[in-house]
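Subject: Structure handover

Hello,

Please find the structure below, with its sequence. My notes come after it.

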Amino acid sequence: MLDNILAGPILRRLSTTQLILWWVSPQPCRGQFQCYIDDQSVMNVALAKDSVSEYRVGANAVIHLLDIEIDLPIDTYIEYDLLLDTERGIEPLAKSLPHLMYDGKSRPSFIIQPQITNILHGSCRNPHAGCEDSLLAGDNLISNALSDSESRPSLLMMSGDQIYADHVAAPTLYAIHQVIDLLGLNDELFDGCELKTADELHQLNEQYYYRHDYLPTTELGAPWYRKNAKQDIFTSVYAHNHLISFAEVMAMYLMVWSPSLWSKVSLSGYDVPSAFEKMHKGERDAITGFIDGLPQVQRLLAHIPTYMIFDDHDVTDDWNLTALWEQAAYENPFSKRIIGNMMMGYWLCQGWGNDPSQFDSDFMGIANSYNGLPNKENHDSFIDKVLQFAKWHFTLDTYPKVVVVDSRTRRWRSEQDLAHPSGLMDWEAMCELQQELIGEDAILLVSPAPIFGVKIIETIQRIATTCGKPLVVDAENWMAHPGSASTILNIFRHPKTPQHFVILSGDVHYSFVYDIELRFREHSPKIWQVTSSGIKNMFPEPLIGCLDHLNRWLYGSYSPLNFFTKRRSMRVKGRDVMGAGQRRLIAKSGLGYLELNSDGSPRLICDLHNDGTKTEFVEGHEEQIP
């Protein structure tokens, strides 16, 4: 028997006037949403069509988005409940999901905080990575600051790679296919593939570790000496278990945020090719540990406003990295369908809850046509819509104001060479960004990729691009495209740039912090590049240590090499890791944690780890060549 709630509830957008809650149930839910202060009910909303949007993705899977106006006190501990009308009568969350409650509490809770005092942030959560899931550190922090509005984090910002659609463990993919059958998730028809339906794909156990054989190829970009050579469109080196169907991506989301469905499936029952036996054992051990932590992850997401923006692995590695990649991917009907399926899943499970008002009647009309009749025509129309959509970015009217950028779908394509990296945002998107910043004293800018990255790594990427191999090293950084680089730096140099400017980033699988000021300006804005990555992923050691050392040698503050970088008009100082000598790059799974002063400047910058320790970044001396 399926649980009343398969995934969620996830607290999404929360302000002084609005509350959004997301969850998935086997069937449409009826009942009440209630809020309590001091155990007294202060709000009661019926789960009806005027308050809850429902989106069916399978016979036994319905997404719910509660979007209501509220008038509740700020900085106050408030509990809430979903009282669901079931066959067994009215069931509160304490009965449906008892593990959501912290010790001594009978309901989940939230605190409305218009002024951000502290924030959790991070990216890159790969279920089978060989490290711990650092969202558990966030759950532990909430448990110790449950009713304290000054210590309890204001929000959780997830800045990309919430799932890895292009890097899936075989045990996970096998579990996904069982969930598809269990929930009756939507089937679909394929074009440009030897397999005609998703159901046919889901039955192929022998595909595990060899799924790349079904993925589309292209002749575009082949070198002159290999004319008509076939190349993979999807460039991930781990594409042997790449997600393909809409049902697969929906099952993946349900399984990375909730333990419910894992108890209904098996992790074994298929043949493992001998060449992959060692890999399979490591994947299975990691997945088992990941599942053990999901009750705490589900609890965390129910207690903190959570915002999300995509990066490449939410769709596929190197997504839109070059104009040539885009041309190959979107002209092929099968690769376009795969990308579109990932974006449909992103909208339903991530983008929708950030700000539902972004999605107008035209978007919702096409989305609801598929909801009502999930046939090929409506599926294709929905994919066309999500691929054309240009408002995935969003803002939060807090203090400091939060501005979250879309650095994936509005690229500034290279005019020099279609195979060169595109800029992360085009001119129009940059102009819109600048308008969001004007008039603000302080800003929290969320950019999935660091705007101020590690120079030695950017140099390696530039060399690879010059050699015609940008996809090999993920050569996508803000400085890789001349137009986007000069434009974003000019925004920082603008006279009306906020005086306190904190940039939150992820993507790179290591953590670092830079303090940045403009050279030759008496009253320069203060800029902090805060990068925390990953939540459950790591850059390999000792390579990151070698790159850290090389960066300090080659790009110290007095190095002449700095004059050849686009940031030469800015003074960039790396922060030291407390207790680690001159080390500045840390590759240890962790969840970013930031405390802010009343003016929006950071008071504490660190990564939290599951063992209770933290990696703190402290101001060091100006970099010197050793």
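The notes below go through strands, aromatic rings, helices and a surface patch.

This is a predicted model, in which local features need pLDDT of at least 70 and side-chain atom pairs count only at pLDDT 80 or more, while totals for chains, interfaces and linings use all residues. Residues are numbered from 1 along each chain as its sequence is written, and side-chain values use heavy atoms, with hydrogens and water left out.

Buried here means under 20% relative accessible area, exposed means over 50%, and partly exposed is in between, with a 1.4 Å probe and protein chains only.

Two strands count as paired if DSSP finds at least two bridges between them. With strand β3 (residues 31-37), β7 pairs in the antiparallel sense over six bridges; there, Tyr36 stands opposite Glu79 of β7. Strand β9 (residues 109-110) is also antiparallel to β7, with two bridges, and Glu79 stands opposite Ser109 in β9. Strand β8 (residues 89-91) runs antiparallel to β7 and is joined to it by three bridges. In that pairing Asp85 faces Ile90 of β8, and the two strands form a hairpin with two residues between them.

Tyr36 has a further contact: the charged end of Arg107 sits over its ring, 3.6 Å from the centre. The criterion is that NZ of Lys or CZ of Arg is within 6 Å of the ring centre and within 35 degrees of the ring normal.

The seven-stranded sheet

An open sheet of seven strands has mixed pairing and the order β14-β11-β10-β23-β24-β25-β22. Its edge strands, each pairing on one side only, are β14 (306-308) and β22 (576-577). β22 pairs with strand β25 (residues 614-618) in the antiparallel sense over two bridges. Asp576 has Val618 in β25 as its bridge partner.

Aromatic pairs

How many aromatic pairs does a search of the whole structure find? The search gives 35. Rings of Phe, Tyr and Trp (its six-membered ring) pair if their centres lie within 6.5 Å; planes under 30 degrees apart count as stacked, over 60 as edge-to-face and the rest as tilted.

One of these pairs is Phe359 with Phe389, which is stacked, at 5.1 Å centre to centre and 20 degrees between the planes. This pair links distant parts of the chain, 30 residues apart: Phe359 is in the loop between α8 (333-354) and α9 (361-372), and Phe389 is in the loop between α10 (376-388) and β15 (394-396). Both Phe359 and Phe389 are buried.

Tyr510 and Phe539 have ring centres 5.5 Å apart and planes at 85 degrees, so this pair is edge-to-face. It also links distant parts of the chain, 29 residues apart: Tyr510 lies in the loop between β18 (500-505) and β19 (512-518), and Phe539 in the loop between β20 (526-531) and α14 (543-554). Tyr510 is buried, with a relative accessible area of 4%. Phe539 counts as buried at 19% relative accessibility.

Helices and the surface

Helix α5 (residues 246-256) is mostly covered, with 11 of its 11 residues buried. Among them are Phe246, Glu248, Tyr253 and Val256.

Asn144 lies in helix α2 (residues 135-144) and is exposed, with a relative accessible area of 62%. The C-alpha atoms of Asn144 and Asp133 are separated by 19 Å, and the two residues are 11 residues apart along the chain.

Leu550 has its place in helix α14 and is partly exposed, at 41% relative accessible area. Together with Trp553, Leu554 and Leu561, Leu550 forms a nonpolar patch on the surface, with about 340 Å² of accessible area. Patches are made of residues with over 30% relative accessible area and no salt bridge, where like charges are joined within 9 Å and nonpolar side chains (Val, Leu, Ile, Met, Phe, Trp, Tyr) within 5 Å. A salt bridge is a side-chain nitrogen of Lys or Arg within 4 Å of a carboxyl oxygen of Asp or Glu. Accessible areas come from the Shrake-Rupley method with a 1.4 Å probe, and for residues only the protein chains shown count as cover.

Gly556 is found in the loop between α14 and β21 (570-574). Gly556 is buried, with a relative accessible area of 0%.

Regards

Conventions: Helices (H or I, at least four residues) and strands (E, at least two) are DSSP runs, numbered from the N terminus.
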